[in-house]
Amino acid sequence: MNEPLVSIIVPTYNSADTIKTCIDSILSQTFTDFVVFIIDDGSSDGTLEVLNGYQLNTRINIMSQDNSGVSVARNNALSKVTTKYITFVDSDDYVDSKWLEVLVAGFSNSNIVLSTVGVKEIYSDGRVKLRDYFSNVYSNEEAISTLMSENGPQGYLVNKLFLTSIIKKNKIKLDKDLFMAEDLNFVIRYIVKAKNKVAVNNSPLYNYIIRNGSANGIRLTALQSNYEETFDNFMLSMSKIRASLPNSYTLTQDSCDLMEGQMAINYMRAMQLMRSSDRKKWSRMRSLAKKNRALYFRTADISVKKKLIYLLMLFSPIVVKFLDQRRS
């Protein structure tokens, strides 16, 4: 039996309600030359019982580990992969039938080292968000800047197809110390090491499910209870990304500045919602946002609405607090 061409890694944790939809969407692909590694991260909700229903499927390999986090789960699965290509799916999402076919087609030229498709963000209130960017082939640094841009395909693992040889040769793994922007960290390190072109397709073939509210609501609510830990971890991730970049990558350094400024604003909003009195942390975030203000307002693909919120948070945050409280 010939080696499959693609390995699909699916980490799962307490996903009993969603994992069947996820797996069935993978098994319905028009491109069929693949194998699936599902690694359960110590679920306690019946996820393993659902997975047992797929044990007879020869394409599916089911693995288990003690609860250690999604990055450890992905790394454990990566160690088992021997196929030419690797991609990822999250257990609460699902993929369109041509997702894998289009990803593989992105490697039609020999100088391509990463293939990307679009993401459809689906919210629990029924809204769908698509990012508006062009299909293209990008050089190394252009690709990183495009992935990090407001309307680009983003730094997700799940809408990308990687060459296994580059990952193995450069010993690229998910950083287990990161839980903020860990996907982006992995992708950027991969592109820097790969030193070649990235094929970007804007077809929204990956369905990214965002549960429990609206876009601002879910993100701000998620940040409230542990904003200090998440902000510090995000800044750690960004420092590691910067450290991985060649000195000549000034465009990507600007993209890092933009992300840090936007995240500082998000955390300031979260602090307001939870009535935090930590003025030292507030001052740190405001200084970071203020430092990157000029670059943020010069960037064309950031919406006027976001720029207005950014400005208000710097000079009249009470207005944004009122709006956020009405939404939450």
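A nonpolar core is taken here as a set of buried Ala, Val, Leu, Ile, Met, Phe, Trp, Tyr and Cys residues joined through side-chain atoms within 4.5 Å. Buried means under 20% relative accessible area, exposed over 50%, and partly exposed in between, with a 1.4 Å probe and protein chains only. The structure is a predicted model, in which local features need pLDDT of at least 70 and side-chain atom pairs count only at pLDDT 80 or more, while totals for chains, interfaces and linings use all residues. Residues are numbered from 1 along each chain as its sequence is written, and side-chain values use heavy atoms, with hydrogens and water left out.

The secondary structure of the chain comprises 14 helices and 10 strands; helices (H or I, at least four residues) and strands (E, at least two) are DSSP runs numbered from the N terminus. The radius of gyration of the chain is 20 Å, close to the 20 Å that the globule rule gives for 328 residues, so the chain is as compact as a globular protein of that length. This radius is taken over C-alpha atoms, and the rule is 2.2 Å times the number of residues to the power 0.38. Along its principal axes, the C-alpha trace spans about 65 × 45 × 35 Å. Of the 328 residues in the chain, 52% are buried. Contact means heavy atoms within 4.5 Å; among the contacts in the chain with a separation of 6 or more, 78% join residues 24 or more positions apart.

The largest nonpolar core has 97 residues, and I8, W99 and Y190 have the most contacts inside it. Apart from neighbours within four places in sequence, Y190 is in contact with V113, L114, F162, L163, I166, I167 and I172. Both I8 and W99 are among the residues touched by T87, which also include V6, S7, I9, L100, L103, L157, V158, K160 and L161, not counting residues up to four places away in sequence. T87 belongs to strand β4 (residues 85-88) and is buried, with a relative accessible area of 0%.

Of the 9 residues of α5, 8 are buried, so the helix is largely enclosed by the rest of the structure. These buried residues are N140, E141, A143, I144, S145, T146, L147 and M148. Their cover includes β8 (136-138), β9, α7 (182-194), β10 (197-210), α9 (227-244) and α10 (250-273).

Q154 is buried, with a relative accessible area of 17%. A positive phi, of about 50°, is also found at N14, which is not a glycine. N14 lies in the loop between β1 (6-12) and α1 (19-27) and is partly exposed, with a relative accessible area of 30%.

Helix α11 (residues 279-291) contains L288, which is buried at a relative accessible area of 11%. L288 touches F231, M235, E260 and A264, leaving out residues up to four places away in sequence. The C-alpha atoms of L288 and G261 are 6.0 Å apart in space, while the two residues are 27 apart in sequence.
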